[in-house]
Amino acid sequence: MHLDSKPLWTDEFSTIVFSLGHTFQGIPLNEPISIHALLQPLQPDPPTEVSAVWQRLSAESNHPPLFFMLMHGWLRLFPSDANGLVSAWSVRSLPALFGVASIPAAFGLGCLAFRSPVVAHIAAALMAISPFSIYLAQEARHYTLPILWVIASLSCFVVAIRALGDNPTGETVSRRQSLPLWVCGVWIAVNALGIATHYFFLFILVAQGIVFLGLGLWQRRWGSTWSRIGIVALGSMMASLVWLPVWQSSQDSELTRWIYRGDRTGFALLEPLTQALGGWISMLYLLPIQATSDWVRISSIILLVLVILWTIPTVVDGLKTQWRSQNQLVLLGLGGVVLGAIALFLSITYGLGMDLTSAFRYNFVYFPVVIVLIAAALEPHWKKLRATGQRTVLVMGLISLLSGLTVVNNLGFQKTHRPDLVVQAIRKNSDVPSLVAIAHRTHGQTGRLMGIAWDWQQTSPEDEPAPQFLLAHQGENPRSPLIPLRRSLVSLPRPLDLWLVNFERVPKRPLQTLLQKQGCVETPKRRSVDGYQYALYRCATQSALDEPGDRPKGKGFSLPLKPISSALR
């Protein structure tokens with residue numbers, strides 16, 4: 001539903017460009033370019049071989065290639081849109097298809113883990129209507145495919161858990177059998193595919209390892225099953241070490257610096273915990289907390305809190321009932337995986353300063369386990385003789401369904417960046433030719449500018465003139481974007497509206513001096529929306545105070561030559 005209604009954002013443009021085997025590096029920097037030049041990498045022609053996908057990823061990104069290679073073949077099945085570009089529907093439909101596949105996969109995991117068709121059906125229903133599940137399925141990114149690998153890996157994990165034997169109460173599970181070798185082979189293959197899809201798949205492997213370590217210390221009894229689990233661990237480790245050179249090359253990447261937040265003090269130290277809590281809640285519920293109406297947002301938050309307070313006792317009671325059944329060992333194993341993954345997230349967040357809780361999408365690692373555990377907790381309520389138990393489950397499902405509708409109607413889990421709001425501001429406030437300039441560091445900023453250009457092209461009438469765009473590269477010297485900005489202002493005709501986007505890292509005083517000399521006056525239209533901080537300047541006349549260095553020849557500018565040459569690259 002509404003799969004192509006939301007604007008594309010930076011990461012989704014990365015999916016398109018790299019899946020086509022194209023590059024961001026062909027887009028000109030430090031000079032005004034047209035909307036067609038900026039969006040050229042989104043054109044499927046000329047076609048490339050699938051090998052080009054990995055070549056571009058290894059050179060310009062830090063992601064493994066499997067999903068992008070599958071997307072490469074998928075996009076060949078669809079024609080271009082009216083502008084000759086890849087359509088939003090085509091690039092989002094493959095993750096949505098994987099999201100649909102996770103519904104029967106959740107059914108299978110629930111049935112295998114708890115040997116109950118009721119748990120299986122509830123797990124499938126929750127996976128189908130979960131707001132978090134729908135949010136991931138509507139992203140043109142590699143999150144729904146690794147969810148399938150997580151479910152497959154957990155299925156092998158459950159088989160191994162049952163093969164180990166004893167329940168925590170000391171009772172021996174009946175008909176204990178050794179872990180089959182074919183399960184070991186499938187398990188290793190699934191883990192290898194998971195790592196080749198998303199590196200964060202490693203978290204689920206480490207969490208499984210923590211559970212097995214705990215069980216081993218508890219049982220202190222070794223047999224063929226433990227030997228085969230060791231084989232799986234060794235094979236998975238070898239599949240992981242293949243990517244070690246890639247991880248080493250991306251440690252200091254500019255692309256990952258946004259996640260480092262090690263300067264928290266005081267109450268800011270609680271932010272990761274509150275963010276993690278919000279991510280957990282959204283796996284089941286999400287009401288219209290991002291609606292435009294204040295009273296709708298406030299009412300939704302209050303109602304959401306009340307629903308959570310009502311749900312927690314229900315889930316806890318159900319888990320207690322399951323604990324008294326023959327499912328103790330599986331419940332302990334899956335619960336240990338969830339707690340182990342959360343512990344890893346928080347340890348990295350607080351220990352290494354990498355805030356993994358700031359992006360809810362990373363919770364895909366343990367999301368399927370949470371769904372199956374909630375389904376197991378609801379089974380006793382469904383089986384109650386009184387109708388109140390089933391009504392409880394149905395009410396929870398109804399609220400979750402409304403939460404899913406909240407997502408598809410853009411009232412919750414809105415896109416990380418909102419280029420559509422920037423386009424609306426430009427259309428509303430600019431009646432003369434415009435230049436949209438962004439301080440550029442990586443293809444992340446290129447994607448932000450692409451978002452503006454894409455939304456402009458998708459929503460503009462045929463006779464509406466499009467803005468020009470400037471990727472002002474910011475090298476080692478923070479002032480380096482001033483050079484291409486100055487030259488662009490000198491070369492473009494007036495009157496001109498200048499929209500500066502994400503120039504907050506450029507020193508303010510030199511920037512204001514430059515704009516004053518160019519006759520550009522700031523308007524009150526300075527705003528911040530998701531992914532964008534923008535300001536509007538009216539450049540009506542060319543300043544008579546330009547220095548010789550302001551002219552295109554560029555002589556006489558006092559910045560060091562090294563940053564200048566870096567910026568011009």
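In which helix is Thr392 found? Thr392 is found in helix H17; helices (H or I, at least four residues) and strands (E, at least two) are DSSP runs, numbered from the N terminus. The model is predicted, so local features need pLDDT of at least 70 and side-chain atom pairs count only at pLDDT 80 or more, whereas totals for chains, interfaces and linings use all residues. Residues are numbered from 1 along each chain as its sequence is written, and side-chain values use heavy atoms, with hydrogens and water left out.

**Aromatic pairs**

- The structure holds 21 aromatic pairs, a pair being rings of Phe, Tyr and Trp (its six-membered ring) with centres within 6.5 Å; planes under 30 degrees apart count as stacked, over 60 as edge-to-face and the rest as tilted.
- Tyr135 and Phe413 form a stacked pair, with 4.1 Å from centre to centre and 5 degrees between the planes.
- Tyr135 belongs to helix H7 (residues 131-137) and Phe413 to the loop between helix H17 (387-408) and helix H18 (419-429), so this pair ties together parts that are 278 residues apart in sequence.
- Phe360 and Phe413 form an edge-to-face pair, because their ring centres are 6.2 Å apart and their planes stand at 85 degrees.
- That pair links distant parts of the chain, 53 residues apart, with Phe360 in the loop between helix H15 (328-351) and helix H16 (367-382).
- Phe413 is buried at a relative accessible area of 11%, whereas Phe360 is partly exposed at 26%; buried means under 20% relative accessible area, exposed over 50% and partly exposed in between (1.4 Å probe, protein chains only).
- Ring pairs join Phe132, Tyr135, Phe360, Phe367 and Phe413 into a cluster.

**Charges over rings**

- The charged end of Arg427 sits over the ring of Trp456, 4.4 Å from its centre; the criterion is NZ of Lys or CZ of Arg within 6 Å of the ring centre and within 35 degrees of the ring normal.
- Arg361 lies over the face of Tyr362, at 5.3 Å from the ring centre.

**The sheet and its helices**

- An open sheet of 5 strands has the order S2-S1-S3-S5-S4 with mixed pairing, where two strands pair if DSSP finds at least two bridges between them.
- Strand S2 (468-473) and strand S4 (520-529) stand at the edges with a single partner strand each, so one side of each has no neighbour in the sheet.
- From one strand to the next, the twist averages 20 degrees; axes are lines fitted to C-alpha atoms, for helices over the stretch in contact, and angles run from 0 to 180 degrees between N-to-C directions.
- Strand S1 (residues 434-440) runs parallel to strand S3 (residues 496-501), joined by 5 bridges, and Ala437 stands opposite Leu500 in S3.
- Helix H19 (residues 443-459) packs on the sheet by touching S1, S2 and strand S5 (532-539), and its direction makes about 160 degrees with that of S1; contact means heavy atoms within 4.5 Å.
- Helix H21 (residues 508-517) also packs on the sheet, touching S3, S4 and S5, and its direction makes about 135 degrees with that of S4.

**Individual buried residues**

- Thr392 counts as buried at 18% relative accessibility and touches Trp310 and Thr314, not counting residues up to four places away in sequence.
- Glu139, in the loop between H7 and helix H8 (144-164), counts as buried at 1% relative accessibility.
- Glu139 touches Trp9, Glu12, Pro95 and Lys415, not counting residues up to four places away in sequence.
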